[in-house]
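Here is a short report on selected local features of one protein model. Read it with the structure open.

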Amino acid sequence: ATFLAVKLSSIGRLLDPRLPSHRMAFMISAAAGAAAWGLADPNGSNGLGPAFNAAVGSFLAWAIARELDPDRPHSAALSGVFAGTVLVLLGTALLLPTTVALVTVRILHRSTGLAPTIFDLIALPAVAFVAGGSIVGWSTGLALAFAIARDHRLPDPAPRRQLIAAFVVAAATTAATVVGNPGGSWASPSWPEWLVLIVGSAAGMSLRIYAPRSPADFTGVPIETRRLQSSRVGAVGTGLLAFLVAGGAGIAALSPLWAALAGVAAWDRLGSDEVDYPEPTTE
């Protein structure tokens, strides 16, 4: 079954409840959902929407952090907690654009060890088209198109066909935005949104690059340092692009992404895990 799944798609990653880090992700997600439900409507069903959004949003933050920091699962757990807190502070995130952001950093990082399959390259334009129903989704669709093209220029480059796929993804998400005309003007961020943007941006730019020891899922080959760096730049770029096109709404929509950056940066400075930082040069 795993072999068949890999043949169809190489960008999916398996969840294994036997792994402590995965169990922690499920628990954080459940706790975030319960907290959001309790704050929204503890005695009725009106809290179901916020609960679902917080639960999935915190899980997406965990998943993004695993791409940005493959050797330290505790940073992902911290990111999930941050995301649950931010979702209570800012309100609901846009889950599909956030998922597109996750795919963007995963393609750049190539944590599975494999380039996108033909099936992936057919499916991703459809995903980008659906995401293009919102202006934030359009921005994440463009970031995804960039990642697909960039994958051709990183170590162990993807086939040249991905350049065509990148163009199709960009065209699909733009067409959806033009046809759907989601409207809305640039929204001035509130002070909590400014806080999330400033902290998240500073966190992303402060991340120290290390040489990952973790092997890719399907190949067992250690993850490339340059790809890790590219995924981190891509995460910050995706968030900033959403802010530029939508203002405060773009910050809130991708709050799990910003929470992931903050969680990874915090653990990078405070965690006790050992990673291989490159030696400073004297030249």
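## Burial, rings and helix packing

Histidine 152 sits in the loop that runs between α7 (135–150) and α8 (161–180). The model is predicted. Histidine 152 is buried, because its relative accessible area of 15% falls under the 20% cut-off. Leaving out residues up to four places away in sequence, histidine 152 touches Pro157, Ala158, Pro159, Arg160 and Leu163.

Glycine 33 is placed in helix α2 (residues 20–40). Glycine 33 is also buried, with a relative accessible area of 9%. Its contacts are Ala51, Ala54 and Ala55, again not counting residues up to four places away in sequence. Threonine 173 is 140 residues from glycine 33 along the chain, and their C-alpha atoms are separated by 30 Å.

Next, the aromatic rings. A search of the whole structure finds 5 aromatic pairs. In one of them, the rings of tryptophan 186 and phenylalanine 243 have centres 5.8 Å apart and planes at 65 degrees. That angle is over 60 degrees, so the pair is edge-to-face. Tryptophan 186 lies in the loop between α8 and α9 (191–206), while phenylalanine 243 belongs to helix α10 (residues 225–246). The pair therefore ties together parts that are 57 residues apart in sequence. Tryptophan 186 is partly exposed, whereas phenylalanine 243 is buried. Elsewhere, Phe26, Phe59 and Trp62 form one aromatic cluster.

The table collects the accessibility values.

| Residue | Relative accessible area | Class |
|---|---|---|
| Histidine 152 | 15% | buried |
| Glycine 33 | 9% | buried |
| Tryptophan 186 | 41% | partly exposed |
| Phenylalanine 243 | 12% | buried |

Now the helix packing. How do α4 and α12 lie to each other? The axes of helix α4 (residues 73–90) and helix α12 (residues 255–270) cross at roughly 135 degrees and come within 7 Å. The two helices are therefore oblique to each other. Their crossing is right-handed.

Which residues of α4 meet α12? On the α4 side they are His74, Ser75, Leu78, Ser79, Phe82, Ala83, Val86, Leu87 and Leu90. The α12 side supplies Ser255, Pro256, Ala259, Ala260, Ala262, Gly263, Val264, Ala266 and Trp267. By type, the contact of α4 with α12 has 13 nonpolar residues, 5 polar and no charged.

Methods
Residues numbered from 1 in each chain as written. Predicted model: local features only at pLDDT ≥ 70, side-chain atom pairs only at ≥ 80, totals over all residues. Heavy atoms only, no water. Helix = DSSP H or I, 4+ residues; strand = E, 2+ residues; numbered from the N terminus. Buried < 20%, exposed > 50% of the residue type's maximum accessible area, 1.4 Å probe, protein only. Contact = heavy atoms within 4.5 Å. Phe/Tyr/Trp six-rings, centres within 6.5 Å; stacked < 30°, edge-to-face > 60°. Axes fitted to C-alpha atoms, helices over the stretch in contact; angles between N-to-C directions. Parallel < 35°, antiparallel > 145°, perpendicular 65-115°, else oblique. Left-handed = near helix turned anticlockwise from the far one by under 90°. Nonpolar A, V, L, I, M, F, W, Y, C, P; charged D, E, K, R; others polar.
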